[in-house]
There are 4 protein chains.
Amino acid sequence: MFNVVVIGATGYVGAEIVRLLQYHPEISISCAVSRSFAGKPYSNIYPNLKKIFDMPLSTVDMDLLCEKADFFITALPHDVSKDIIPKLINEGKRVIDHSALFRFRKRQTYEQWYGTAHGMEDLLENSVYGLPEFYRDNISQAKLVANPGCYPTCAILGIAPLLANKLVYTTNIIIDAASGISGAGRKSDLAYSFCETHENFKAYGITNHRHTPEIEQELSLLTGEDIMISFTPHLLPIKRGILTTSYLNLKDNNLTSDKLYEVYSEYYKNEFFVRVLEPGVFPEIKNVTGSNFIDIGVTVDKRLNRAVIVSAVDNLGKGAAGQAIQCLNLMLGIDEKTGLTQPALYL
Amino acid sequence: MFNVVVIGATGYVGAEIVRLLQYHPEISISCAVSRSFAGKPYSNIYPNLKKIFDMPLSTVDMDLLCEKADFFITALPHDVSKDIIPKLINEGKRVIDHSALFRFRKRQTYEQWYGTAHGMEDLLENSVYGLPEFYRDNISQAKLVANPGCYPTCAILGIAPLLANKLVYTTNIIIDAASGISGAGRKSDLAYSFCETHENFKAYGITNHRHTPEIEQELSLLTGEDIMISFTPHLLPIKRGILTTSYLNLKDNNLTSDKLYEVYSEYYKNEFFVRVLEPGVFPEIKNVTGSNFIDIGVTVDKRLNRAVIVSAVDNLGKGAAGQAIQCLNLMLGIDEKTGLTQPALYL
Amino acid sequence: MFNVVVIGATGYVGAEIVRLLQYHPEISISCAVSRSFAGKPYSNIYPNLKKIFDMPLSTVDMDLLCEKADFFITALPHDVSKDIIPKLINEGKRVIDHSALFRFRKRQTYEQWYGTAHGMEDLLENSVYGLPEFYRDNISQAKLVANPGCYPTCAILGIAPLLANKLVYTTNIIIDAASGISGAGRKSDLAYSFCETHENFKAYGITNHRHTPEIEQELSLLTGEDIMISFTPHLLPIKRGILTTSYLNLKDNNLTSDKLYEVYSEYYKNEFFVRVLEPGVFPEIKNVTGSNFIDIGVTVDKRLNRAVIVSAVDNLGKGAAGQAIQCLNLMLGIDEKTGLTQPALYL
Amino acid sequence: MFNVVVIGATGYVGAEIVRLLQYHPEISISCAVSRSFAGKPYSNIYPNLKKIFDMPLSTVDMDLLCEKADFFITALPHDVSKDIIPKLINEGKRVIDHSALFRFRKRQTYEQWYGTAHGMEDLLENSVYGLPEFYRDNISQAKLVANPGCYPTCAILGIAPLLANKLVYTTNIIIDAASGISGAGRKSDLAYSFCETHENFKAYGITNHRHTPEIEQELSLLTGEDIMISFTPHLLPIKRGILTTSYLNLKDNNLTSDKLYEVYSEYYKNEFFVRVLEPGVFPEIKNVTGSNFIDIGVTVDKRLNRAVIVSAVDNLGKGAAGQAIQCLNLMLGIDEKTGLTQPALYL
């Protein structure tokens, strides 16, 4: 049994980590940490876990925490991660972090899009972007894993096969996306109140959402070209789930939806959590909600010789907590799927 | 590994049985049966199960099915159950049925509320009402278990301790209830379409809902009195979950909420799936959704010397599929909790 | 054209008053007041009103405001109403207030349920409870109208005919109710965030909700008896609307649903905004949303000789803003229905 | 007072026409026609209109109907429109039709996308596309108006100023869109049931949605070029509303969001129902729901020199019933805004 400490355990990502780890046969939470609720049983905050996980929440006492485990998952605001991660790494701990701090290859990208100095270049250099489908080997050896953003996970995996196989032009890539409201985290904010969001839909972060450079970085690394994309997120009146619809211009005008399906199937043939859907079938958020799967549907628009790709993940699952546990499994040297095979609820 | 056949596997209850059994370490579905979708992979109908449960659906060929398992779960319309159950029992199979056919001690109750002749008195006599908290021993020996209705499960367990302990009068019992829409089953019906139900709420089946006699039967058996209740269900714009709010007049005017909490805790002290909430804490549907738990909150209204009891279940979980598996575990002689300890999603 | 000033114009009740007054041919808003947003165009806060009502919001400058109109509607927190109302009355203004301050005949009731001293007994004595169906004449003459709570409007009108006609016993009255989330007002509160409320349902304020004494007061005045009720509100995952289901024991056991329908139709024969539904038809929230109607459905449970009454209003409509305008019409001496006849949206 | 007959009055578009006409001071519905519900009071089907519009529904007796009015609005399935429209036109009636039959300039476009022969070329030649912002004068004289589709209305008005002013290239136009479920009409269809759509989101009609050629036709006519677009609709778990996000490549790389705002403001300066939002402000569906407005937000992505345009309408309002009444006002020679100035509900 491996021990793990979860810091930031009462946010929505933290809560999903705690929930998912209840299914894990080889990982035990030795400490769940929350500044706001320290001392209270976890199930007071999340009563769904009553009789399942009643452990009292711990304060942020780094010395004590370091005695509790060799593996840490942090799901914290950026400025808090900034204080905590270096200490953990110094103590020789292996960490999966959910902030954006360690996701970028270039410090400058972070500084430009987040508007603040980075100041931890050496950590950055040694961190690994936690997308197992891309960096499985590095993750398994990593000291510090930067868990990808939810939108990037969905968008990158959705179109990677097209770019890796050089089937498309690298300009005019449009990624239109929509997310459930849990993506905004657990907070008291009028903008995310029921009455302001129900029976509503809107775009936000148009042309400047911070997940843009993350997507661009990975697509650029994949192709060796400097890729820029249009990325527009929208806010859905649902709790969980992300769906992205991407448009890319095909080079070869003999490609068909059937052929694309083959390309995708081949590219992901060893990836359990990537489900490529048959031509004519498309992802729906309800099919991934609560699971670690990403569903991808592919089409060629013959009129325009353009690929239209739809992909869906649970923003808290494959888009955050599930992916973190997938990475943790790799770091522990156990089967990547362990504790992660539960299906979506559908209803 | 025990084999089970699920007949009616593509309705919402059937789908939940299939989903829940993915977590079960000792039960294997040897056949999933659906008249409408026979031949198709299960995951074509429920794509959330792609890569998890892709078995093709079977037709209703009784001889073939009988070779496939000793245990059957049926989630069918009443008139279809009527044809199938006798054959299964004749073949020596042990069955958990979700229709109302075998829930009543008296044929007449069924005939009066369902407006049709029963005609299977001997089966009725040997059936057991599948509420483990009441009939655990009988269920473990039963040939035929009548899985309780969703509302009755929530209502009966919610107020049983008051009646069993003779703390309340048996008149003026009011049970006000609300259910998610999956309770109506999977069907094309304008009344359950999104546009007709979203941002809406209504009562239905006022004074004549068919779960009324089921609740009355069990409360009467518990007390030895002839109990009649007011039961009003309402339709919630949610997918899953039932919440009942019950009002009962207390005999003794020294009872407090704290004392009631003690009574309930004692009554359910050995029941894993019943969670009695501390005084001042009340059930919410999100805390039970996807799980097999029932949450119960208790209060005494001192001004009126009346108990107000709130209880919540997932209508597809403890209210149907979860309970069926709990019964099946008992019939198999294995730990009742096996495969059923997953928490609700909360989000 | 009459001028009115709306103070607290950017809360949800205030916003509904502003929206509804766009339909009013004889009332003009001369000032919309908001502490938080003073100076900004109203349609910056509520962009649905762009090109319809762009007036800049005013600060709370009482002298200035008093020059702007003879009629005031206040939709404020109790403690703010406390400061403002006496000044307005002193200046000879006629006021419709939405706080609970002036709803009770007895200061003690307010103090007991709200836990704070009242201190404005003379205002209280001269205030009128703003339920036109009960107090039409008094309202038309009133200096200060206390607009009723949303639940009380729905509950009181729903069962008044039974009590006024002495058809029921005055004990064992149960009122089970559910409200949309806008009833909690416009605020940043985790409890009312989308993720905490969607696909959820719960009871709250069990045995101690502050609308209880308001309902009891009006039922007691109606009957001359001291009536106490069980009242349990629930929180619906919808934006607007209230539905109450009430249970009352009938005295005469010859009453039928048809007869009750006649009693109700007679009682409300002159009330345009009360729609008594034919036997067998029941209210749904979607039929009143956005309107000033209350829909009432009546049934007799012959088995128990108990009346089950379901009523529905829009908590922001007949339960708040619509009713306020209905009162204002009376105070202005114009047709009570003016500007209030728009139907619910249904969709 | 002008009389109008509404045929297909109980579908969602028909119901919205009936609802909106309650606000119209100069139009009276002389007949509401419904095959399914003939003889029943309209408010039996839509109880929100009880006491507002209780007129019994009429059968489809063409002779009788033709005596009832000179103006007709038809909201029918295509194959039913096909039978009825020619008769009405023959009788000299003026008609606004909601089917796609008369929307295309070229018969071939209809036949190609709808897969069936047209067979009414002469009617087609004399029909007018009912977009007042484009064809105001023609509409006012028209015998037969083809009311535009909901998506086309939102998409075309959203990007017309860019194309009309030749600011963008006419290739690589991407229009990503999402609609509420009422767009599918009032029907019993599992795909639109609550449980299958709530907490879900999906794309549909990818590369082949029938509104594509309608958008292409109007953009082509506007520019004199043969424009082809990528159009992907998605299904939102809301009742009403459409939002489109469009991407177009700018020719001139000195354009800014501020400048675009000016261009749009100028283009729509005389259009009451088009609200161009200030730079940095974007449409939300809740701001148009229930109204006849279209809200448009504009941005330039300087990194990519691409315009990102977001527009929103109520699919039943400006996207159908509202627009039909706007056209009808033009045909009647009265102020286009008459009866259409009610704001969205926001909540």
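Two strands pair if DSSP finds at least two bridges between them. That cut-off applies to the strand pairs in the views below, drawn from a predicted model.

**View 1. Strand 10 pairs with strand 13 in chain D.** Strand 10 of chain D covers residues 242-249. Strand 13 of chain D covers residues 306-313. The two run antiparallel and are joined by eight bridges. Within this pair, Ser246(D) faces Ile309(D) of strand 13, standing opposite that residue.

**View 2. Seven strands of chain D form an open sheet.** The strand order is 8-9-7-10-13-12-11, with mixed pairing. Which strands stand at the edges? They are strand 8 (202-203) and strand 11 (274-276) of chain D. Each has a single partner strand, so one side of each is left without a neighbour in the sheet.

**View 3. Two helices of chain D lie across strands: helix 8 and helix 11.** Helix 8 of chain D spans residues 150-164. It lies across strand 7 (174-179), strand 9 (230-235), strand 10, strand 11, strand 12 (294-301) and strand 13 of chain D. Its direction is at about 35° to strand 10 of chain D. Helix 11 of chain D spans residues 257-267.

**View 4. Strand 1 of chain D pairs with strand 2 and with strand 3.** Strand 1 of chain D (residues 2-7) runs parallel to strand 2 of chain D (residues 27-33). Six bridges join them. Ile7(D) of this region stands opposite Val33(D) in strand 2. Strand 1, helix 1 (residues 12-21) and strand 2 of chain D make a right-handed β-α-β unit. Strand 3 of chain D (residues 71-74) also pairs with strand 1 in the parallel sense, over four bridges. Here Val5(D) stands opposite Phe72(D) in strand 3.

**View 5. Helix 8 of chain A packs against helix 12 of chain A.** Helix 8 of chain A covers residues 150-164, and helix 12 of chain A covers residues 317-332. Their axes are 8 Å apart, and the angle is about 105°. The two helices are therefore roughly perpendicular to each other. Helix 8 of chain A contributes Cys150(A), Thr153(A) and Cys154(A) to the contact. Helix 12 of chain A contributes Lys318(A), Gly319(A), Ala320(A) and Gln323(A). By class, the contact has three nonpolar, three polar and one charged residues.

**View 6. Chain B touches chain A.** The contact takes 29 residues from chain B and 29 residues from chain A. Helix 1 of chain B (residues 12-21) gives the largest share of the chain B side, three residues. That side has 14 nonpolar, seven polar and eight charged residues. A rotation of 180°, with 0.0 Å of shift along its axis, superposes chain B on chain A (RMSD 0.0 Å). Which residue of chain B comes closest to the rotation axis? It is Glu199(B), at 4.3 Å (C-alpha). The same surface serves both copies, as 100% of the contact residues of chain B recur in chain A.

**View 7. Chain D superposes on chain A.** The rotation is 180°, with 0.0 Å of shift along its axis and an RMSD of 0.0 Å. The two copies are thus related as by a two-fold rotation axis. Of the interface residues of chain D, 100% are also interface residues in chain A, so the copies meet through the same surface.

Note on methods
Residues numbered from 1 in each chain as written. Chains lettered and ligands numbered in written order. Predicted model: local features only at pLDDT ≥ 70, side-chain atom pairs only at ≥ 80, totals over all residues. Right-handed = clockwise from strand over helix to strand, strands pointing away. Contact = placed C-beta atoms within 7 Å. Nonpolar A, V, L, I, M, F, W, Y, C, P; charged D, E, K, R; others polar. Axes fitted to C-alpha atoms, helices over the stretch in contact; angles between N-to-C directions. Parallel < 35°, antiparallel > 145°, perpendicular 65-115°, else oblique. Least-squares fit on C-alpha atoms with pLDDT ≥ 70 in both.
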